[in-house]
Number of protein chains: 2
Amino acid sequence: MVDMAEKDEEEVKERSADELFKDFKEVSITEFFRKNKAHLGYSGKQRSLTTVVHELVTNALDACEEAGILPEVEVALKQVGPEHYRFTCKDNGPGIPEEHVSGVFGQMLAGTKFHRHVQLRGQQGIGVAGVTMFSQMTTGKPMRILTSTGSGKVNDIKLMVDVSKNKADIIESNIITQKWRGTEIEGELKGVAFTLGERSPYEYIRRTAIANPHAKITFTDPEGRKSVFDRTSKIIPRPPGEMKPHPRGMDTDELLNLAKKSSARRVSSFLESEFSRISKAKADEIQAKVNFDLKKNPRKMTWAEAEEITKAFAEVDFMAPPVEGLRPIGEEQVDKAVLKILKPEFSSVLTRNPTVYGGGVPFQVEVAIAYGGSAGRSGGEEGGSKAEVMRFANRTPLLFDAGGCAITQAVNTVEWKRYDVKDFENSPVTVFINLVSVYIPYTSAGKQSVSAEDEIVKEIRMALMDVGRKFHRYHSRMRRDIEREARMHTLMKYSAELAASVAKLTKGDEKKLTKSLQTLIAKKLHIEYKALDAEGGK
Amino acid sequence: MVDMAEKDEEEVKERSADELFKDFKEVSITEFFRKNKAHLGYSGKQRSLTTVVHELVTNALDACEEAGILPEVEVALKQVGPEHYRFTCKDNGPGIPEEHVSGVFGQMLAGTKFHRHVQLRGQQGIGVAGVTMFSQMTTGKPMRILTSTGSGKVNDIKLMVDVSKNKADIIESNIITQKWRGTEIEGELKGVAFTLGERSPYEYIRRTAIANPHAKITFTDPEGRKSVFDRTSKIIPRPPGEMKPHPRGMDTDELLNLAKKSSARRVSSFLESEFSRISKAKADEIQAKVNFDLKKNPRKMTWAEAEEITKAFAEVDFMAPPVEGLRPIGEEQVDKAVLKILKPEFSSVLTRNPTVYGGGVPFQVEVAIAYGGSAGRSGGEEGGSKAEVMRFANRTPLLFDAGGCAITQAVNTVEWKRYDVKDFENSPVTVFINLVSVYIPYTSAGKQSVSAEDEIVKEIRMALMDVGRKFHRYHSRMRRDIEREARMHTLMKYSAELAASVAKLTKGDEKKLTKSLQTLIAKKLHIEYKALDAEGGK
């Protein structure tokens, strides 16, 4: 046996490092994602189609909102062959300047969003270029983009991605004279399938409409069915503002990175100008905790010095990040949307105050819980309802990869039994969660699952416990009312019997007796319940 | 209300496209992953540390095996402060030529693995550069690499990543005169935590040892505990060979991509030389199905023509991909490893034949099931065992993101009840699955979850059902044996009573009577069982 092994060992000829490294090459980011298209959400016929719709709709909404325009988005899918579809997405956004069309649609890791601390749906500069890539990978055809900034000229551009160079390849470019403003994208896909269901393009758009009551979205599906999700609010959300990072949770690397880019002359002024919630007084507090002079040039700060500052950050009390930079949907809007679609027996909505996760990134959560009515989803045991968790990040529905998501984790850590939801999984409950942040820490480029940062899980959990308590109160009140009614009912029954017996004995009027007995009971119980309610709180 | 809304609407000033696009920028891949480090598995203190160990160990093993060297890998973690660790990883691999050290450790999307159809653990050219990035992000310090190809010169290099350029930044470079061959990597990490448990560096290395019986791995943990996982096999796996893509499942885009790179003069010779299992005869079959002459220059093939070929591929029968290119662990080795660590009552191992998933990528699965003994993991109901699923891809343990993984999905679709595992989740079962392929379709750059390609889920499911049936037979035999023993026991008991009564009546010898009665019963049952076994098969 040993001989055999040694023989085998000898048979394998060793190869030198030089031989092994002769194929050393660099690849472009597009080549990488072409080979790993599952990272972008292109896996499976159904998910791939939903991913395309997701990328197009998020871009359209971002564009409109950044420009301060009430969004109107029209999406259409048309089947042109087996597993072969044509898509169009048209918006009334600001349009794209001609010189940037290539960058937006034909280049990955390029865009306006990555560098800024602004709450947007897109943040990576990969999404739409990914659509171009997936479209050409499956059909060999270019995307067509019609776009105009309202100048009277419409650019009509067909482009593909040059995969090895990560650059757009312009196939055709024309100018049409027309007074119009917006962007329309057209393309084809193969190897995809349209279905209805929980993870379909329709559901994606329906949920988008729920979380974006100010947007009008029209969706025409391959069967020709047209769904118009009209806006329920004309209040256009304030365009997202740039938010400075918050000192809490700031890490040394990022601090140095910011310091290098700063034009401030002193570390102290750098801190005051580049961070949220650092006043002159706070800078003085920090100075007292570090062993170097904050008059120093921030670009010359060493790692050790920066580390002293981040340590000081942890010891100083700062105000929570300001609410202005973040744009939750708002309790009123969420409640309206939830009531409209679910018509629940009970609902409760909560928006928590902004806070910060690792790296000083401000975020905020809003949650809603709906019980009864059309809440939950069908498919539970014995034909009943199952709990439904609707996840959103910056108002974008997350339909896939629920497993590892911070939102799912938070929902699972809540002890629902304590809030009178005995079997959460099999209850007619819809839990709605929207995570709002200038940067959502997704677990992958496909952006369907949020990384389980402690602070995020904790905030969501707190919010859920809060609405859980409200449900608990509602539910126990409801249960109490049912019990009271049952008691009243029993007493009333006895009162009739009692009245009959008394009437027989006293020859009195049975009806009159019954009535006065019942009035007496009602009065007594009413006083008793009132006292109980006062005692027990509401 | 409407007035209010319109007022709000007016307050939002529209911004022009030019204004919005003034910040349009490109970012480097390293900048992207710096901001999205969770994509690479750097999320949470514990997972981050395991990710570093994972990247180092997979690289070391790949290097050794590619060079045909029996791997010896030493990993050590040392705590140097609160949440602050130093790591080293030393291998006896082929070393790295000096001019490639920068590329390997300081540049993402660069490497020797991405372009080739070779079964390796690494495949993206991101992993180790990610370690450099994470190390410098948390400590501000460079990685140190000692490497030699055995020339008598050892390169001692300290480097960091220039994040905005995605290039290495050499901090220090020295040459030591020493006769040694291999690579040793040293670095520091902050904000990480060492723990024991199911997702710890120790468990990662233990599972790596199970799936790599030819490797010797030594791990020293921060408490100074040294674990030596000695090799149980001296048979060095054949170095992975380059595998040609298989025509089945090939897509048009990839076919054209290969055609463009080919130096063949005709499409027919391109197909014969660049694909696995396309013979002259098969090429003729394809010619009969397409409407253009395969004598055409492959570099001039159009999308429509390439599509005709991929359609023809789907209609022609090809042999399955050859087994030589793929390197499963092997049934014997898996069985040995499983028996050694789990000492189960029952185990069964199966390696399926290679097949293909989308894009013509060959793959193969091997599975094992172990029941009883130390199989399963603790923490089940009432202190019992829970089912344990050990996922591997190319012998690399997958410890995270089990939720969306093809392997988990396959395990969940098996109706375990049919195989006598009544409550799978709460049974003392370990299911071991290794997916072997020249390219594993991971769902994200963190490489912990396999995309649920239909063909992959199906193959794993088939393999599990096969070992499930074997367990079923074992388990029913065991149950039958228990029943038989009980029956025998009952009969024996009666035989003693019967003998006593008969002895009283006949004044015979009770002991003798008992003995002969029992011999008779045993004989009868033995014949009966034998007949039953012959009938029912084994």
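Strand β16 (residues 388-393) of chain B is joined to strand β18(B) by six bridges, and the two strands run parallel. Helices (H or I, at least four residues) and strands (E, at least two) are DSSP runs, numbered from the N terminus, and two strands pair if DSSP finds at least two bridges between them. Within this pairing, R391(B) has I433(B) in β18(B) as its bridge partner. Strand β13 (residues 361-371) of chain B also pairs with β18(B), in the antiparallel sense and over nine bridges. Here E366(B) stands opposite N434(B) of β18(B). Strands of a sheet pair through backbone hydrogen bonds, either parallel or antiparallel.

The model is predicted: local features need pLDDT of at least 70, side-chain atom pairs count only at pLDDT 80 or more, and totals for chains, interfaces and linings use all residues. Residues are numbered from 1 along each chain as its sequence is written, chains are lettered from A and ligands numbered from 1 in the order in which they are written, and side-chain values use heavy atoms, with hydrogens and water left out.

Strand β18 (residues 429-437) of chain B has nine of its nine residues buried, so it is largely enclosed by the rest of the structure. Buried means under 20% relative accessible area, exposed over 50%, and partly exposed in between (1.4 Å probe, protein chains only). Both faces of β18(B) are covered, with V429(B), V431(B), I433(B), L435(B) and S437(B) on one side and T430(B), F432(B), N434(B) and V436(B) on the other.

Two loop residues of chain B deserve attention for their backbone angles. Most residues other than glycine have a negative phi. D420(B), in the loop between α13 (406-413) and β18 of chain B, has a positive phi near 75 degrees. D420(B) is buried, with a relative accessible area of 12%. K447(B), in the loop between β18 and α14 (454-506) of chain B, has a positive phi of about 50 degrees. K447(B) counts as buried at 6% relative accessibility.

In chain A, an open sheet of eight strands has the order β7-β6-β5-β8-β3-β2-β9-β10, with mixed pairing. Its edge strands are β7 (167-177) and β10 (226-229) of chain A, each of which pairs on one side only. Strand β6 (residues 153-162) of chain A runs antiparallel to β7(A), joined by ten bridges. I157(A) has S173(A) in β7(A) as its bridge partner.

Helix α7 (residues 201-211) of chain A lies across β2 (72-81), β9 (216-220) and β10 of chain A, running at about 170 degrees to β9(A). Axes are lines fitted to C-alpha atoms, for helices over the stretch in contact, and angles run from 0 to 180 degrees between N-to-C directions.

Helix α5 (residues 98-106) of chain A packs against helix α6 (residues 127-139) of chain A at an angle of about 75 degrees, with their axes 6 Å apart. That makes α5(A) roughly perpendicular to α6(A), a term for angles of 65 to 115 degrees. V104(A), F105(A) and G106(A) in α5(A) meet V128(A), A129(A) and T132(A) in α6(A), where contact means heavy atoms within 4.5 Å.

In helix α9 (residues 267-274) of chain A, the residues V267(A), S268(A), F270(A) and L271(A) are buried. They cover an arc of only 165 degrees around the axis, which puts them on the same side of α9(A); the arc is that of the directions from the helix axis to the C-beta atoms. The buried residues of α9(A) pack against α8 (252-261), α10 (280-289) and α11 (303-315) of chain A.

Terms used. Parallel < 35°, antiparallel > 145°, perpendicular 65-115°, else oblique.
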